[in-house]
Amino acid sequence: MSLHGEIATLTYPPAALLACAIAFVTYNVMSVVKSTIAQVQALPAHQETRDNLSMYYLASEIAVVSQGMQIAIPSHQWRQRYAELSAQHMAEALKNHARHVRLKRCLKDRRGPKKRPPKRTGRKSHVSTARVLATRRQRE
């Protein structure tokens, strides 16, 4: 929802601007997460890991897991552990967490090749409804 950025009920310009800013920040955070996971957990050389990570699946995984973590771990423990970290230490913590991500749950689903529609097997050719109605009118 944060990535949507444009909410129809926000008619006040400052509210719309805030929603847009939240969307930008959320996208940047998700890009950092994708890049970190791609750096730590590399797929085979022929596949670009970052491009194969789904933003949708990552956001869904974060939303589901974070709700449980907010219940299990009090907020003061989050602040105690991460609030005072330097950028270098935060990057190391992020890499450490990225090592534990189940990569298969966050990969994009690739669509297979499109199937051709089956050939018509009926003997009759198609007749438009207009022709059927015209034939009925002529009989009457």
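Buried residues make up 16% of the 140 residues in the protein chain, where buried means under 20% relative accessible area, exposed over 50% and partly exposed in between, with a 1.4 Å probe and protein chains only. Before going on, note that this is a predicted model, so local features need pLDDT of at least 70 and side-chain atom pairs count only at pLDDT 80 or more, while totals for chains, interfaces and linings use all residues. Residues are numbered from 1 along each chain as its sequence is written, and side-chain values use heavy atoms, leaving out hydrogens and water.

Helices here are DSSP runs of H or I with at least four residues, strands are E runs of at least two, and numbering starts at the N terminus. The chain exposes about 12,400 Å², with carbon and sulfur atoms supplying 57% of that (Shrake-Rupley method, 1.4 Å probe). Take the contacts between residues at least 6 apart in sequence: 62% of them join residues at least 24 apart. Contact means heavy atoms within 4.5 Å.

Now for a helix pair. The axes of α1 (residues 13–40) and α3 (residues 55–72) come within 11 Å and cross at roughly 100°. Axes are lines fitted to C-alpha atoms, for helices over the stretch in contact, and angles run from 0 to 180 degrees between N-to-C directions. That makes α1 and α3 roughly perpendicular to each other, a label for 65 to 115 degrees; under 35 counts as roughly parallel, over 145 as roughly antiparallel and the rest as oblique. On the α1 side, Tyr27, Met30, Lys34 and Ile37 meet Met55, Leu58, Ala59 and Ile62 of α3. By class, the residues of this contact are seven nonpolar, no polar and one charged.

Two serines are worth a look. Ser54 sits in the loop between α2 (49–52) and α3 and counts as buried at 8% relative accessibility. Leaving aside residues up to four places away in sequence, Ser54 touches Cys106, Leu107 and Lys108. Ser66 lies in helix α3 and is partly exposed, with a relative accessible area of 26%. Their side chains make these polar contacts (N or O pairs within 3.5 Å, one able to donate a hydrogen and the other to accept it):

| Side chain | Backbone atom | Distance |
|---|---|---|
| Ser54 | nitrogen of Tyr56 | 3.3 Å |
| Ser54 | nitrogen of Tyr57 | 3.1 Å |
| Ser66 | oxygen of Ile62 | 2.8 Å |

Definitions and conventions: Nonpolar A, V, L, I, M, F, W, Y, C, P; charged D, E, K, R; others polar.
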